[in-house]
Structure formats: structure tokens, C-alpha cells
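Subject: Structure handover

Hello,

The structure you asked for is below. My notes on what was found follow it.

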Amino acid sequence: MMKSYGLMAMLLMSSGLLGNAVKADDDEAAVNYLELASLMLKDNNTERAATALAQVDQTAEDFDAQRFHVLTGLLQVRKGEHQSAIDAFVAAKQLGEVDSVINVYLAQSAFSLEQYPLTIEALNSAGDAVARIPSVYHMRGQSHWLLQQHDMALAVMDQASLIFPDDASFQRRKIFYLIELGLHSTAAELGQQYLQQHQADATDYVGIGNALRASGQLIVALRFLEQAKLQFPHHPDITKALAATYISNQSYHAAAQLVHELSLTEPALLSEAAELYRRAGQRHLALTLNGQVTDQAQKMKQRLGLLIELENYDQAASMEQDIKRLRIDDDENILYAMAYALFKVGQYDRAETYLSRITDTNLFQKAVEVRKIMGDCEAERWRCQ
């Protein structure tokens with residue numbers, strides 16, 4: 001038994017894995033598994049670290065319980081087992097003070113599991129040693145925010161901005177906090193300062209503009225994004241954000257022009273531009289753009305609706321074969337539109353073949369009304385000329 005044990009120690013030493021983790025004890029080589037686990041963790045070898053920790057004799061007189069819990073916690077962090085990591089780090093802290101970095105690891109695991117009070121407590125325990133780590137302020141601020149401690153969250157962002165004046169992320173986060181709190185004018189003012197003080201890119205404008213739009217502050221968002229459009233006239237994300245805001249404001253013509261502009265380089269947007277022109281009442285222009293759509297199924301669906309709105313029922317009815325060829329007549333909206341076009345050109349029997357396939361509740365009611373009108377027309381055709 002002694003020979004095999006000594007041989008294992010020799011192999012570990014010869015592979016460079018044991019280093020000074022071997023100590024003499026009554027002339028018998030013994031492996032310090034805590035040291036070995038520490039080395040394995042430094043090499044990111046979690047499996048061997050776990051094996052080493054499993055070999056630790058927790059009943060030995062010189063058993064270092066605190067270090068065992070610390071290493072166990074670090075191993076669980078590497079494995080993504082955050083609750084196990086928390087349990088291990090808490091057990092280590094109960095045995096005495098731990099290094100600041102361990103408190104940070106504890107905070108990260110707690111934050112991952114949405115245990116925000118523990119996150120803040122652990123960061124407080126870390127003390128001044130982490131005062132120059134930007135990510136700590138983001139974690140602390142977001143923890144306060146998610147605990148509905150909004151004033152504290154804003155205060156943390158202000159403190160971090162003073163400590164890291166060149167780091168724009170804190171001011172940016174504060175802007176989004178203000179927007180969520182409904183302090184839109186203050187957020188917009190801070191947003192302008194932010195954009196002047198830092199070399200903001202298009203992503204910053206888009207993020208702030210979209211947040212203002214989502215909060216319902218459409219006029220403020222439009223002003224903000226119009227300014228962004230002047231600064232980045234050809235940036236697609238700016239244009240898309242501005243168009244989306246115009247759509248939210250029901251300013252369809254302005255949105256259509258922007259999406260039409262984008263479609264010159266992104267042809268997939270042609271159909272959307274046509275739809276926006278339709279909403280703006282410019283159906284002929286919408287029909288022209290529709291003619292350039294390459295997706296045939298999408299093109300036919302949109303074209304059928306436009307022709308019916310323009311009361312070009314003969315052209316709409318003539319699309320019947322194309323619709324069947326593209327197999328888009330499984331869409332009940334298409335069934336109803338086709339039936340309506342055929343009804344308007346007097347093709348009642350063909351219209352009925354489409355109406356009979358409608359099962360959607362809302363469309364079914366409309367189908368009933370069309371059938372009633374067709375019945376009246378058949379009885380007195382002069383009324384439907």
C-alpha cells in the first residue's frame with residue numbers, strides 16, 4: 001500500500017502537477033489535495049480539481065475548512081453551479097474573513113440567481129479593494145434597481161461616473177433608468193449631454209431613441225432620432241429606429257419615405273415600404289413598389305389587397321390562377337379577398353367556392369354578409385349592375 005501511494009506522489013511530481021503540494025509526514029509521502037485542487041483550478045482543469053477536493057480528508061487535524069469551502073465555491077463557479085457556489089462561500093465566511101475577490105465571486109453568483117440583497121451584502125463586504133472595478137458598480141446599481149431602490153441605483157451611477165469620468169457606460173445606464181422612471185425630459189437632457197461629452201456612436205442614439213419611443217414619448221424620440229439622422233444620414237439602424245417611431249406616431253408617409261430609402265440597399269423592405277405608402281393613402285405608389293417585390297407569394301398577397309382597395313376588381317379577379325399556382329389560397333384572408341373580387345365582377349359561383357372554405361370567426365361573418373348580398377343580386381340583378 002505504501003509503495004503504490006509513494007508511486008502516485010512520484011508520478012504527480014514528475015508531471016509537474018504536484019509541485020510543493022507534497023509534504024513529509026512520518027517519512028511517508030502524502031498529497032496535499034487542497035494545494036493540488038488550487039493548482040488545477042488555476043489551470044482551469046475543473047474535473048481534476050473536483051477529484052482532488054473529493055480526496056481531502058475533512059477529519060484530519062490540520063484540515064483547513066475555510067480554504068476547502070473557498071476552493072469548492074470557486075469550482076462551482078467554474079461549473080456554473082451558482083447556488084452551490086453561494087453555499088460554499090457563505091460557509092467559508094462563517095469561519096472568518098475571506099479575501100475581497102471571494103466576496104466578488106459570491107456577489108456574481110448571487111446576482112446570477114437574482115439574489116440581489118446578498119449581492120449587495122457581498123459587495124459591501126469586499127470593501128475598498130474593489131473600488132476601482134467598474135463592473136462592481138454596474139452590479140451594485142442594477143441590484144438596487146431590481147430591488148426597486150431606484151434612488152440608490154441612480155446614486156451608484158453618479159458615484160461611478162465621478163470615479164470613472166471617461167467611462168460612458170454609467171451615464172448611459174442612468175439615462176435608461178430615468179426613462180423607465182418616466183423622467184423623460186431629464187433623460188433627454190442627460191442624453192444630449194452624454195452625446196456631447198462622449199464619442200457616441202449610432203448604437204447609442206438608437207438605444208436611447210428606442211427607449212424613449214417604447215416609453216410613449218414619441219415627440220421627444222422623434223426629435224432625438226432626427227438629430228441622429230442628421231449626424232448619421234446613411235446609417236440603416238438610425239433610419240429604421242426613426243421609421244419605427246414615425247409608425248408609432250401614425251406618420252405613415254414619413255415612415256414610408258424612410259423605408260423606401262432603405263429598400264434601395266435592402267430590397268426585402270420593398271413590401272414594407274409599399275404597405276406604409278398604402279397606409280398613407282398613396283395606393284398607386286404602393287402598387288408601383290409592389291411590382292418590384294421579388295418574393296412572389298408576398299407580392300401577390302399584397303397586390304390583391306391593393307387592387308381591391310383601388311376597386312380594380314377585374315385585375316384582382318384575374319389573379320386567381322397566380323394565387324393557386326403559388327399555393328397561397330390556404331390563407332383565409334386571401335380566400336375572402338379573392339371571393340370579394342369575384343363577387344364584384346359577378347362571378348358568384350366562383351366566389352362561393354372560396355367563401356365555403358372560410359372558418360375564421362371574423363371572416364366567416366363577412367362571408368355571410370357577402371352571401372346575402374349575392375343572394376339579393378341574383379334575385380334582382382339590376383340592383384347590382
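The second largest pocket of this predicted model holds about 230 Å³ of space. Its lining is made up of K301, L304, G305, I308, D331, N333, I334, Y336, A337, Y340 and L363. Two elements each give two or more residues to that lining, namely α18 (296–309) and α21 (332–344). The largest share comes from α21, which supplies 5 residues. By type, the lining of this pocket has 7 nonpolar, 2 polar and 2 charged residues.

Two of the residues that line the pocket, K301 and D331, also pair with each other: their side chains form a salt bridge at 3.7 Å, N to O. This pair joins distant parts of the chain, since K301 sits in helix α18 and D331 in the loop between α20 (320–325) and α21, 30 residues apart. Neither end is buried: K301 is partly exposed because its relative accessibility is 37%, and D331 is partly exposed because its relative accessible area is 23%.

As a general point, nonpolar side chains in soluble globular proteins tend to be buried together. The largest nonpolar core here has 82 residues, and L304 and L355 are the ones with the most contacts inside it. Helix α21 gives the most to this core, with 9 residues. L304, which is also in the pocket lining, touches A316, M319, I323, I334, A337 and M338, leaving aside residues up to four places away in sequence. There is also a second, separate core of 33 residues, with Y33, A37, M40 and I102 among them.

What does T245 touch, not counting residues up to four places away in sequence? The list is R213, L218, A221, L222 and L225. T245 belongs to helix α14 (residues 236–248), and it counts as buried because its relative accessibility is 0%.

On charged pairs, it is a general point that side chains of opposite charge can pair when their charged atoms come close. How many salt bridges does a search of the whole structure find? The count is 16. Besides K301 and D331, two other pairs are described here.

- E320 and R350 form a salt bridge, with their closest N and O atoms 2.2 Å apart. This pair also links distant parts of the chain: E320 is in helix α20 and R350 in helix α22 (residues 348–355), 30 residues apart.

- R278 and E275 meet through their side chains in a salt bridge of 2.8 Å, N to O. Both are in helix α16 (residues 270–279), and because they are 3 residues apart there, about one helical turn separates them. R278 has a relative accessible area of 24%, so it is partly exposed. E275, at 22%, is partly exposed too.

The R278 and E275 pair is part of a network of salt bridges that links E275, R278, R279, R283 and E309.

Regards

Key: Residues numbered from 1 in each chain as written. Predicted model: local features only at pLDDT ≥ 70, side-chain atom pairs only at ≥ 80, totals over all residues. Heavy atoms only, no water. 1 Å grid on protein atoms, 1.4 Å probe; cavity = no way out; pocket = protein on both sides within 12 Å on 5 of 7 lines; lining within 4 Å. Points joined across faces, edges and corners; volume = space filled by probe spheres on them. Helix = DSSP H or I, 4+ residues; strand = E, 2+ residues; numbered from the N terminus. Nonpolar A, V, L, I, M, F, W, Y, C, P; charged D, E, K, R; others polar. Core = buried A, V, L, I, M, F, W, Y, C linked by side-chain atoms within 4.5 Å. Buried < 20%, exposed > 50% of the residue type's maximum accessible area, 1.4 Å probe, protein only. Contact = heavy atoms within 4.5 Å. Salt bridge = Lys/Arg side-chain N within 4 Å of Asp/Glu carboxyl O.
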